Amino acid sequence: MFTHNPFAALGDLLPPVVMQVYIVIMIVLVAAGTVFDIVHKGSARYFLNNWRKTKSKHVDGGELVSIAVKTAVVDVLASGEFCNARRRIAHLLTMYGFLLYVISTAVMVFSYSTASIWPQLWWLGGLMILVGGYWFWFFIRADVAAEGNSPFRVMHADLFILSLLGSVTLGLIWAFLQTSASSGASAFFGLYVIATTLLFASVPWSKFAHMFFKPAAAFEKRVSYANGTRSNLPGPADKPEQFGSARTAPRHY
């Protein structure tokens, strides 16, 4: 099962070019949705204006390179903005799982060879997303863990994580059923395509686009600290106030 390319068997149902065109359309939807999100919300204008305001102190090229490296390593690759260790681990599982899952999907769709490691990476990435995503959804979300709300309470902001979990869950079920030659594989493939289309077509209304401009925001924040402006905010306290009680551990986000 883990060595089987699930997209290779689609040749009996769809020509390979159909899935290849579908992948290209999804990429275009993400690019167009991200541009629309940036323009509609004014994110690019905000960061450019904020960048101009934070140039009160010159930062030389060497320091900018150092800041860029720290941003990439700490804020992007290690998700250093999360103080809560559980949330950071869940985010890293989901992030790296998503990268493995998307890249291996594209490789298997455009190269139908079954003798490769890509199916295993596809399953590994998908399982990482499910572990990190469901862990976050049921146990780590602030409104669930800290506010005591039901994990089944759905809001508009949940569109990204729910469509991602739905797409990956249905995709893995479809791959399992297809390997088992089950008659329900085609139905789950249809649901998988619908959930995946929702994931990539809903970029302007979900948190999908944040993965593109969040590194820029982290870089701007580090530069503002380096040149002394700190975005016109006071410096952090030496020891933040602790909340909680003797019976309930504090949960900070």
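Let's start with the order of elements: from the N terminus on, this protein runs α-α-α-α-α-α-α-α-α. That is 9 helices and 0 strands. Keep in mind that this is a predicted model. The protein has 253 residues, and 33% of them count as buried. Now take the contacts between residues at least 6 apart in sequence: 73% of those join residues at least 24 apart.

Helix packing next. Two packed helices are described by the angle between their axes and the distance between the axes.

Pair one is α5 with α7. Helix α5 covers residues 118-140, and helix α7 covers residues 159-179. They pack at about 140°, and their axes are 10 Å apart. Roughly antiparallel needs an angle over 145 degrees, so α5 and α7 are oblique to each other. Their crossing is left-handed. Who makes the contact? On the α5 side, the residues include Trp122, Trp123, Leu127, Leu130, Phe136 and Trp137. On the α7 side, they include Ile161, Leu165, Val168, Leu172 and Phe176. Glycines take part too, among them Gly126 and Gly133 in α5 and Gly171 in α7. By class, the α5 and α7 contact has 16 nonpolar residues, 4 polar and no charged ones.

Pair two is α4 with α7. Helix α4 spans 85-110. The axes of α4 and α7 come within 13 Å and cross at roughly 50°. That makes α4 oblique to α7. The crossing of α4 and α7 is left-handed. From α4, the contact uses Thr94, Phe98 and Tyr101. From α7, it uses Leu164, Ser167, Val168 and Gly171. The class count for α4 with α7 is 4 nonpolar, 3 polar and no charged residues.

Helix α1 is residues 16-41, and helix α8 is residues 185-201. The angle here is about 25°, with the axes 8 Å apart. Under 35 degrees counts as roughly parallel, so that is the label for α1 and α8. Met19, Tyr22, Met26, Leu29 and Val30 come from α1. Phe189, Val193, Thr196, Thr197, Phe200 and Ala201 come from α8. By class, this α1 and α8 contact has 9 nonpolar, 2 polar and no charged residues.

Stay with threonine 196 for a moment. Threonine 196 is in helix α8. Is threonine 196 buried or exposed? Buried, with a relative accessible area of 8%. Leaving out residues up to four places away in sequence, threonine 196 touches Tyr22, Met26 and Ser167.

Now the aromatics. The structure holds 9 aromatic pairs. I'll show two.

First, phenylalanine 138 with phenylalanine 152. The ring centres are 5.8 Å apart and the planes sit at 70°, so this pair is edge-to-face. Phenylalanine 138 is in helix α5, and phenylalanine 152 is in the loop between α6 and α7, so the pair ties together parts 14 residues apart in sequence. Phenylalanine 138 counts as partly exposed, at 30% relative accessibility. Phenylalanine 152 counts as exposed, at 64%.

Second, tryptophan 174 with phenylalanine 189. These ring centres are 5.1 Å apart and the planes are at 45°, so the pair is tilted. Tryptophan 174 belongs to helix α7 and phenylalanine 189 to helix α8, 15 residues apart. Both tryptophan 174 and phenylalanine 189 are buried. They also belong to one aromatic cluster, along with Phe7, Tyr101, Trp122, Trp123 and Tyr192. Some of those names came up earlier. Trp122 and Trp123 are in the α5 contact with α7. Tyr101 is in the α4 contact with α7.

Last, two loop residues.

Serine 79 lies in the loop between α3 and α4. What is the phi of serine 79? It is near 50°, a positive value in a residue other than glycine. For background, most residues other than glycine have a negative phi. Serine 79 counts as buried, at 1% relative accessibility.

Arginine 141 is in the loop between α5 and α6. Arginine 141 also counts as buried, at 3% relative accessibility. Which arginine lies 54 residues away from it along the chain, with the C-alpha atoms 8.5 Å apart? Arginine 87.

That's the tour. Questions, please.

Notes
Residues are numbered from 1 along each chain as its sequence is written. This is a predicted model: local features need pLDDT of at least 70, side-chain atom pairs count only at pLDDT 80 or more; totals for chains, interfaces and linings use all residues. Side-chain values use heavy atoms; hydrogens and water are left out. Axes are lines fitted to C-alpha atoms, for helices over the stretch in contact, and angles run from 0 to 180 degrees between N-to-C directions. Helices (H or I, at least four residues) and strands (E, at least two) are DSSP runs, numbered from the N terminus. Angles under 35 degrees count as roughly parallel, over 145 as roughly antiparallel, 65 to 115 as roughly perpendicular and the rest as oblique. A crossing is left-handed if the near helix is turned anticlockwise from the far one by less than a right angle, and right-handed if clockwise. Contact means heavy atoms within 4.5 Å. Ala, Val, Leu, Ile, Met, Phe, Trp, Tyr, Cys and Pro count as nonpolar, Asp, Glu, Lys and Arg as charged, and the others, Gly among them, as polar. Rings of Phe, Tyr and Trp (its six-membered ring) pair if their centres lie within 6.5 Å; planes under 30 degrees apart count as stacked, over 60 as edge-to-face and the rest as tilted. Buried means under 20% relative accessible area, exposed over 50%, partly exposed in between (1.4 Å probe, protein chains only).
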